[in-house]
Amino acid sequence: MLKFQITATGIDLEYTGDMGGSNRWAWDELTTKKETRVSRIFSFKSADLLNPPTPTQDFDDYEYRFQFGTFDDGYVKIPARILDIKNDLLISRDVTLKRSIFAAERNVSIFGRLSDLLEHSDPIVIGGKRPDAIPWDVFEDLLKKFPNTYELNRYADARVHTILSQYLDGMKDARGRYESYLNKKSSLTSTTTFDLDALKKLEIEKYVLIRDLINDALATKKDWSEDDWQKLMLSFLLLLFPKYIKVLENITIHDYYSDPGKKTNRYIDIALVDANGNLDVIEVKKPFDDKILRKSPYRGNSIPTSELSGSIMQAEKYLFHLSKWGVKGETTLTTKYATELPTGMRIRISNPKAIIIVGRDQIGGANMTGSQLLDFEVIKRKYANMMDIITYDDLLRRLNNTIAALGG
């Protein structure tokens with residue numbers, strides 16, 4: 001139990017252990033390690049303890065009293081080491097201190113998250129009249145929106161960055177956290193106009209980043225293997241297809257049909273799980289030219305290359321074996337990937353679909369003609385009920401259209 005007590009010079013923190021437990025562990029740490037962590041958030045040294053226990057102290061009733069902060073021109077100054085961060089904290093004296101200001105769910109340090117995003121060691125200022133302060137109402141808004149347990153590791157840093165970037169200089173770029181952040185972003189109410197505008201800007205930057213990465217790879221990585229292309233696409237598949245929440249790799253499935261009476265293992269390189277646990281398959285191929293339609297038409301029609309036909313057939317067989325595996329497969333996969341899925345989620349194999357990313361919209365070094373594009377569209381629509389066939393150029397067009405629609 002924590003209590004913040006106001007004194008003539010600052011704030012003391014009073015701490016007692018959980019009901020029914022002994023407090024002796026903290027004193028043992030102070031005497032052996034010269035430091036202890038209270039309530040999993042606050043770190044104190046021996047010199048911070050204002051009321052050391054007596055040699056015959058009964059620790060069942062003992063209440064530690066630590067020096068927590070000192071008054072400093074309208075603020076309470078809390079040393080960085082107490083919060084185990086690199087920045088001192090100045091918080092307005094008008095604010096009533098309580099543990100929830102410092103700790104989110106699962107005992108995550110709110111100021112620890114914020115300090116990690118700062119590239120400097122200047123004080124963090126909350127409330128009050130200082131020009132470099134984060135307004136108290138903005139900080140309260142941050143506390144309300146701080147991730148719950150399920151969301152915590154996925155977008156805590158990005159949300160802090162979104163809300164506070166206009167008030168703080170020197171914040172690290174949160175771009176590297178886009179995947180985990182946007183993969184499970186929460187809905188925002190119509191009253192949070194600032195958040196919506198900031199989120200829109202992040203969305204545009206995200207899609208621009210992905211587009212530029214693919215463009216650069218298409219121009220400079222012609223010697224990449226299929227495995228290299230899969231690794232690149234894996235880094236942002238969940239952003240390209242936001243209905244999915246998890247990527248699973250190297251999935252073993254069982255084939256009972258190729259050799260009747262014998263179980264044969266088949267291997268899916270990449271599968272995707274949506275928010276309801278439904279499993280779909282994705283095939284990422286190399287972006288070679290001339291891998292979609294044959295150069296020579298057949299009776300005036302463009303027909304698929306053997307590479308495209310082979311990719312389609314491979315995906316169809318994956319879907320066939322998954323469907324036939326049924327409930328037994330669901331149980332097997334759910335058990336195998338339980339640690340990678342949200343708690344309680346079950347993988348479902350219910351009419352699985354496939355996505356194939358393959359080739360370029362080019363034949364013989366030139367873009368497809370209108371007639372060829374029409375024939376390709378006919379091929380795609382033929383399989384539309386079970387798979388989506390996407391070229392790398394089509395992927396870039398989708399990204400460009402999305403960026404334009406968002407105002408980028």
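Hi everyone, some ground rules before the tour. The model is predicted, so local features need pLDDT of at least 70 and side-chain atom pairs count only at pLDDT 80 or more, while totals for chains, interfaces and linings use all residues. Residues are numbered from 1 along each chain as its sequence is written, and side-chain values use heavy atoms, with hydrogens and water left out.

Let's start with the sheet. It is open, has 5 strands in the order β9-β10-β11-β12-β15, and its pairing is mixed. Strands here are DSSP E runs of at least two residues, helices are H or I runs of at least four, and both are numbered from the N terminus. Two strands count as paired if DSSP finds at least two bridges between them. At the edges sit β9 (244-255) and β15, each pairing on one side only. Neighbouring strands are turned by 30° against each other on average, direction ignored; axes are lines fitted to C-alpha atoms, for helices over the stretch in contact, and angles run from 0 to 180 degrees between N-to-C directions.

Now, which strands does β12 pair with in parallel? One is β11 (residues 279-284), joined to β12 by 4 bridges, with V284 opposite I357. The other is β15 (residues 387-390), again through 4 bridges; there I357 is partnered by I390, and I356 by I389.

Where do the side chains of β12 go? A354 and I356 point one way, I355 and I357 the other, and all are buried, meaning under 20% relative accessible area with a 1.4 Å probe and protein chains only; exposed is over 50%, and partly exposed lies in between. In a regular strand, side chains alternate between the two faces of the sheet.

On to the helices. α8 (residues 226-234) lies across β9, β10 (264-274), β11 and β12, at about 130° to β11. α10 (residues 306-336) packs on the sheet and touches β9, β10, β11, β12 and β15, its direction making about 95° with that of β9. Contact means heavy atoms within 4.5 Å.

Elsewhere, β3 (residues 35-38) and β4 (residues 42-45) run antiparallel, joined by 4 bridges. They form a hairpin with 3 residues between them, and S39 in the turn has a positive phi of about 55°. R37 is bridged to S43 in β4.

Last stop: P135, in the loop between β8 (124-126) and α4 (136-145).
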